[in-house]
Amino acid sequence: MAASRIAARELLHNIKLIPYYQKSSCLFIRWISTSKFQCSSQPLEKSALQQLVGVVGLEIHAQISSNTKLFSGSSVQFLAPPNSLVSFFDASLPGTLPVLNKRCVEAAVMTGLALNCTINKKSVFDRKHYFYADLPAGYQITQQCRPVAVDGVLTYSFLGGRKRNQVMRKNVYIKQIQLEQDSGKSLHDDVNSQTLIDLNRAGVGLMELVMEPNMSCGEEAAAAVRELQLILQALGTCQGNMSEGQLRVDANVSVHRPGEPLGTRTEVKNINSLRYLARAIDFEIQRQTEVVQRGGAVLNETRAYDSKSGETVAMRDKEGLQDYRFMPEPNLPPLLVFEDEASLPAGVEAGQAVLLCTLRAGLPELPSVRRDRLVQTYGLLPEHSFTLVNEDGLMEYFEAVMKGTSRDPRKVIGWVTNELLGLLKQQDLSVSHSPVPPAALAELLELQEAGRISSSAAKQVFQEMWRSPGKAAPQIIQERDLGLVSDDADLHRICQKVVDSHPDEVRAVRSGNQKVLNKLMGLVQKETKGRADPVLVRKILQEKTS
Amino acid sequence: MLGLTLKEVSLAFREGRISPTELCRKCLNRIKKTQRLNAYIAVTEEFALKQARQSEARLLQGIPKGPLDGIPFAVKDNFCTANIRTTCASKMLKDYTPPYNATVVQKLLDQGAVLMGKTNMDEFAMGAGSTDGAFGPVRNPWSYAASYRTQAGAASDSDWVITGGSSGGSAAAVASCTSYLALGSDTGGSTRNPGALCGVVALKPTYGLVSRHGLIPLVNSMDVPGIITRSVGDAAITLGVLQGADVRDSTTVPAPSALTELPEDFDVRNICVGIPKEYHAPGLSEETLAQWSRVADLFEKAGARVEQVSLPHTQYSIVCYHVLCHAEVASNMARFDGLEYGHRSEMKSSTEVMYASTRHEGFNDVVRGRILSGNYFLLKQNYQHYFVKAQKVRRLIADDFRHVFGSGIDVLLTPTTLTDAACYHDFTQEDNRTRSAQEDVFTQPANMAGLPAVSVPTGLSQRGLPIGLQLIGPALEDKKLLCVAQWVEQSVGFPSISDCENTQESRKDPGATRREQTSAV
């Protein structure tokens, strides 16, 4: 019993530090537990053939990270005063013309390359017409007919299997990536029955990514979007913040029996977090399954996710089927992308052209490559590589710590994903705002590695470093007398005291129950406030109980 | 003085024979005297005088900006002018004041040219008569010339003739000597058509050579700012100022060469003139045909090669032009919803009701009709059948021209219009659509193909009204085209309107000397 108490205390100690960590960096794991639907990754058995399964495709609007809008020189900024970032073109003043922003094109091409797309050397812009108050021109400039990138694939992984520690790798195909304008925002004032329009967002560059219906449940969709988010952030082409609307995900959901044609789909909108995406999809699959099982028919409609109730509700239909009356945008010449400088036609300057070779060479390390590298280089578990890559800046932090310490990476990862991330989450800080820089943590770990402090003392030092930024580990150890007690005489004295006062336990050890030795060790550590060198203590206790 | 060329006025300024302010006042007076033409929607008198004074100061300091400094000009009311109302002759934009200048307007202002006012037109440039605008029809200055009054036996004021359109106000402004040059817009002939009917030079440059930024569009893929002057040389000087790439218009291209003055010694013997046989269209008047033959003969006699050529798809051009035109119109007009600018209906029970009534009240029947048909052509089930097919035919038409120019033809000679100007009364018997189809028949193929074309007045009809012929050149060969046009101008001896003007004011104006002209006949 005593032994289990020690273990429990250790456990409690850890839990206190990591509740937030569990919440966010194990996103995939959590979703599974909240999912009403479990993805079936096993081959279907004959009896399961009649089972209805979900089919999920996604349409994702990613706001391009750019200083200016897609076709005008207005700044792009979140939360600016209403209508303060509106050029004549954005307000669709008559006679104004679109001028394509090269940065936005490069962002779309880079994204296309990162998603293994075919880049169309020549793409064109189209007008998509509909009347809406926050669409001042009465049409959106988009790429319906020949988009900048097509036929890509996104490989995403998530932790599955019985223990949720098995890496599941899946593919979702990218039909196309198109450049298009964002709309403005309408603010409906029901009290005064008026609508206020803010055109700050009107004309901001978007990449619309159309994913084929290759997913089967909320968890897969959320994992795919998370992977996309990481890729976009790694590329710097989109900040990817869903709650600020930089990444907007609409889900096309249907159910069918495997082998049969796809069912009628609904489009689920108004999803502003990954968790809601998973829940909305799973709810919708469940809802459609029930409709079909009751013998009803799923309506082709747009539904909104209500995060409070966790349900999807039918949206007011926009006067039936829209005919967008697409036509080519006559004010923009075809968008040309060139392989390299050598392939430029006469009269086109290299500085003005979009060159594939340059963009390809500038692609950063993508998340999947990072994860593989972490596993291979440091011998980490796959789930740890997920945590490191998922948290912005955490991988860099980890690698910086590794540069300053000779400790086993598998020990270091615990510090980074438990102690550090736990405190960061507790205080809602990003990695870059950690009060303990990686070098300081490395120094602490070196002290532990050199046997200067015990692991539990190291944790106390770390807490103190967190509270007093800038204070180095040796200083804290000295001030608080946390150095390892390895003085033979001292340890002998303390061990003797413990042995003397616990005859029952000593007898148990002597009669062969070595587990009880751990209890005695815990008691010694308690006496020394965790500062005793465990190796020495064990040796001394063994001597005294033999 | 008002009848001089730009070069002559520029010289007169420098020699101190007249000052920009005096000239500006003369033009302003003349605008008042010719008010019945209804050529201007707005006269910018104060602004004009201010600019003229600035120009005068520059001249006195001996630092004029160039050949256009102090020159009065007029601008069609579909080019945006900063802080000056720009209406497109529509109720929709009746009170609309743009915050910026169109690139072409800015370029003229930068050269010190003096803006006299904004000229009348068909609503949103949809028309071929300048009779379908919210501010009433434009009257052709030749309606009051002695040639027409006596020869056609016109007596009453109701016999006045139309200017053609849609840039009728600009053509009338230049023809009536209230401005030395005027900007028009040319989508299917809207500059050349009134140019021909008003007896002035009307140039539609190559698509992309002149910026459309600030031109309120009719058909983006065909619109070109047009230049209306009283001589080809003036048009060349103006094009020289306006041409060139504009970062605000992604469809512009750099000018192939600088353009200031045309060579006086252009040798027409090196030129091969094509006469497209398909332009012998039904409805072509005897007199226009006669002018066409006459000028072709002049070329031949002067040693040019004149050949009949074929542009086989010409007959399909006008109908395809209308499909493409209406489709783009439907799209371009979508922005006029009463929210950001322009007319807004009082009916506001819902946003949709407000849209509908705003657009119903703001647009005339012609505009609404084109929006309706254009949207029909763009519907998913019709798109392939109408829009795509019309685009394909457009390519064939462009190919026709390419083949002809590729076979050694330098320039095509065609009529600009079927006949001379119609009486307003007769013209308005037909609906706008029918008239547009008739009037644009010779002019819109050049827009479909993006080619430069210029209408040059060549003679007067028996009614005493101008007849013009059109020259079409290969893309970006605007300069060569103007050289040939100048040769035609020098050869035909077209009379100045002031010679034909039998009114008090013309006789009182001793400066209105006749340009030196040579007749090759």
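This is a predicted model: local features need pLDDT of at least 70, side-chain atom pairs count only at pLDDT 80 or more; totals for chains, interfaces and linings use all residues.
**Chain A overall**

Chain A carries 18 helices and 17 strands. Its C-alpha trace stretches over about 95 × 60 × 55 Å along the principal axes. Of its 546 residues, 51% count as buried. As for who touches whom, take the contacts in chain A between residues at least 6 apart in sequence: 70% of them join residues at least 24 apart.

**The annotated stretch, 396–545**

UniProt, in an unreviewed entry, puts the feature "domain: Asn/Gln amidotransferase" at residues 396–545 of chain A. In the model, that stretch is 70% helix and 0% strand. Its end C-alpha atoms sit 48 Å apart.

**A helix pair: H16 and H17**

Now for helix H16 (residues 503–510) and helix H17 (residues 515–527) of chain A, which pack at an angle of about 145° with their axes 8 Å apart. H16(A) passes H17(A) in a left-handed crossing. On the H16(A) side, the contact is made by Glu505(A), Ala508(A) and Val509(A). H17(A) brings Val516(A), Leu517(A), Lys519(A) and Leu520(A) to the contact. Sorted by class, that gives 5 nonpolar residues, 2 charged ones and no polar ones.

Most residues other than glycine have a negative phi, and most peptide bonds are trans.

Two of them are non-glycine residues with a positive phi: Ser92(A) and Ser130(B). Here they are side by side:

| Residue | Phi | Relative accessible area |
|---|---|---|
| Ser92(A) | about 55° | 2% |
| Ser130(B) | near 60° | 0% |

Where do they sit? Ser92(A) is in the loop between strand S1 (53–63) and helix H4 (102–114) of chain A. Ser130(B) belongs to the loop between strand S3 (114–119) and H5 of chain B. Are they buried or exposed? Ser92(A) has a relative accessible area of 2%, so it counts as buried. Ser130(B), at 0%, is buried too.

The bond from Gly165(B) to Ser166(B) is cis, with omega near 10°. Ser166(B) lies in a loop as well, the one between helix H5 (146–151) and helix H6 (168–175) of chain B.

Definitions and conventions: Residues are numbered from 1 along each chain as its sequence is written. Chains are lettered from A and ligands numbered from 1 in the order in which they are written. Side-chain values use heavy atoms; hydrogens and water are left out. Axes are lines fitted to C-alpha atoms, for helices over the stretch in contact, and angles run from 0 to 180 degrees between N-to-C directions. Helices (H or I, at least four residues) and strands (E, at least two) are DSSP runs, numbered from the N terminus. A crossing is left-handed if the near helix is turned anticlockwise from the far one by less than a right angle, and right-handed if clockwise. Contact means heavy atoms within 4.5 Å. Ala, Val, Leu, Ile, Met, Phe, Trp, Tyr, Cys and Pro count as nonpolar, Asp, Glu, Lys and Arg as charged, and the others, Gly among them, as polar. Buried means under 20% relative accessible area, exposed over 50%, partly exposed in between (1.4 Å probe, protein chains only). UniProt positions are given in the numbering used here, feature names are shortened, and annotations may be inferred rather than shown by experiment.
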